[in-house]
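This report covers helix packing, salt bridges, surface and backbone features. Please read it alongside the sequence and the model.

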Amino acid sequence: MTDYDVIVIGAGQAGLSIGYYLQRHKLSFVILEKNDRVGTSWRERYDSLVLFTPRAFNDLPGLPFPGDRHGFPDKNEAAHYLEMYARYHSFPIRLGVEVLRVENQGRSYQVHTQEQVFRARSVVVATGPFQEPYWPSLHAHAGKEIAQWHTATFRNGRQVDPGTVLVVGGGNSGIQIATELAQEHSVFLSIGQSRTHLPLSILGKTIFYYLRSLGVLTAPSSSWLGRLYRSLPDPIFGYKKELRQLQRAGKLKIAPRTVSLSGCTAAFEDGSTTDFSTIIWATGYRPNYAWLDVPGACNELGRPFHQKGVSPVPGLFFLGLPWQRNRLSALMGGVGHDAAILTNEIVDFLRTETVSIGGTMYGTPPSRSLS
């Protein structure tokens, strides 16, 4: 059993960002990553994935994102950057180590993996929001001959047989995939709720420059502006022109919410129907913390209890969650700010505990309030 001050679970942008600050504070830590390479979660996304944030908005602390600062990186660039970032800072990362269970031992945590048990006074869960693909229950009503893909498993148009494609989900991923497939297929794009389309740039500057200047991106999640923004569906960045062109050409049709499937037929909320041969589910992800065997860490729906990343369970922290502090929290270029603040919380926690971890003794804990 190996002792650390902090165990970080996940070597994505969240785990690497907090690694940067833990290293600066000279804490003993290890980052556990289930994949064999840093950046694998990006490499496994669909081939045409392009980030809607320009490189200048994707910097992690201590190393700028390389390339044209005004351009938009693809998924492979994002993966390469994370791998380069980890190598540049020489973080202590254990690759190919999947966490099977985390237990609270009172004054320390035990993290069980397939090979060994790690122990630390604190744990940072940095596994991100994209954990378990969400398949709506109605997917089971499609015919057995229908090919079904989720954005987590879809790669490119070579997986799609001839015929009409139904893309369910009108977020940024659904829009990107629908416009790609409409070049070669007849596509129905089923959108369950109306969304605002924002341009990628205005007067030569990224839309994110204006959103940040107006305070939209940095508004605290508990503020009136943050609550308003959270109540709205995420906007679509770009693709408005492409969608109109494809619609005029008859290659893509916009349909309302899909309410039922029967064999090879989909019925939509307005009563219209269409036949199809392939479905792409762009329906997002759900959290899965089944391995987090810590009473009081999650609610009955499996979502973590936390106040800006600080769990009510002492020594447990979360990073990279949507709206953890603001809209930037779950984006590559915003998680570093959260990581810096959360590291201060961790340092404060370690200094107020009477325990020997990593050879360092810490003092008496004061009362803590998360309100």
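## Helix packing

The crossing of helix 1 and helix 8 is right-handed (a crossing is right-handed if the near helix is turned clockwise from the far one by less than a right angle, and left-handed if anticlockwise). Angles under 35 degrees count as roughly parallel, over 145 as roughly antiparallel, 65 to 115 as roughly perpendicular and the rest as oblique. Axes are lines fitted to C-alpha atoms, for helices over the stretch in contact, and angles run from 0 to 180 degrees between N-to-C directions.

Helix 1 also packs with helix 3, at an angle of about 15° and with the axes 11 Å apart. Helix 1 and helix 3 are therefore roughly parallel to each other. Their crossing is left-handed. Helices (H or I, at least four residues) and strands (E, at least two) are DSSP runs, numbered from the N terminus.

## Basis of the model

This is a predicted model: local features need pLDDT of at least 70, side-chain atom pairs count only at pLDDT 80 or more, and totals for chains, interfaces and linings use all residues. Residues are numbered from 1 along each chain as its sequence is written, and side-chain values use heavy atoms, with hydrogens and water left out.

## Salt bridges

Side chains of opposite charge can pair when their charged atoms come close. The structure holds nine salt bridges (a side-chain nitrogen of Lys or Arg within 4 Å of a carboxyl oxygen of Asp or Glu). One of them joins Arg 55 to Glu 77, with the closest N and O atoms 2.9 Å apart. Arg 55 lies in the loop between helix 2 (40-43) and helix 3 (75-89), and Glu 77 in helix 3, so the pair ties together parts that are 22 residues apart in sequence. Arg 55 counts as buried, at 9% relative accessibility. Glu 77 is partly exposed, with a relative accessible area of 28%. Buried means under 20% relative accessible area, exposed over 50%, and partly exposed in between (1.4 Å probe, protein chains only).

Arg 69 and Asp 59 form another salt bridge, at 2.6 Å from N to O. Both residues sit in the loop between helix 2 and helix 3, ten residues apart. Arg 69 is partly exposed at 29% relative accessibility. Asp 59 is also partly exposed, at 23%. Glu 103 and Arg 101 meet in a salt bridge of 3.0 Å, N to O. Here Glu 103 is buried, with a relative accessible area of 19%, whereas Arg 101 is partly exposed at 31%. Salt bridges also link Arg 37, Arg 43 and Glu 83 in a network.

## Nonpolar surface patch

Which residues form a nonpolar patch on the surface? They are Trp 224, Leu 228 and Leu 232, with about 360 Å² of accessible area together. Patches are made of residues with over 30% relative accessible area and no salt bridge: like charges are joined within 9 Å, nonpolar side chains (Val, Leu, Ile, Met, Phe, Trp, Tyr) within 5 Å. Accessible areas come from the Shrake-Rupley method with a 1.4 Å probe; for residues, only the protein chains shown count as cover.

Leu 232 is in the loop between helix 6 (224-231) and strand 14 (236-237). Leu 232 counts as partly exposed, at 46% relative accessibility.

## Positive phi outside glycine

Ser 90 is not a glycine, yet has a positive phi of about 55°. Ser 90 lies in the loop between helix 3 and strand 3 (93-95). At 56% relative accessibility, Ser 90 counts as exposed.

Lys 308 has a positive phi of about 55° too, and is not a glycine. Its loop runs between strand 21 (292-293) and strand 22 (316-318). Lys 308 is partly exposed, at 34% relative accessibility.

## Sequence versus space

Leu 51 is in the loop between helix 2 and helix 3. Leu 51 is buried, with a relative accessible area of 10%. Between Leu 51 and Leu 27 there are 24 residues in sequence and 33 Å in space, C-alpha to C-alpha.

Gly 143 lies in the loop between strand 7 (132-133) and strand 8 (147-150). Gly 143 is buried at 14% relative accessible area. Gly 143 and Gly 106 are 37 residues apart in sequence and 51 Å apart in space, C-alpha to C-alpha.
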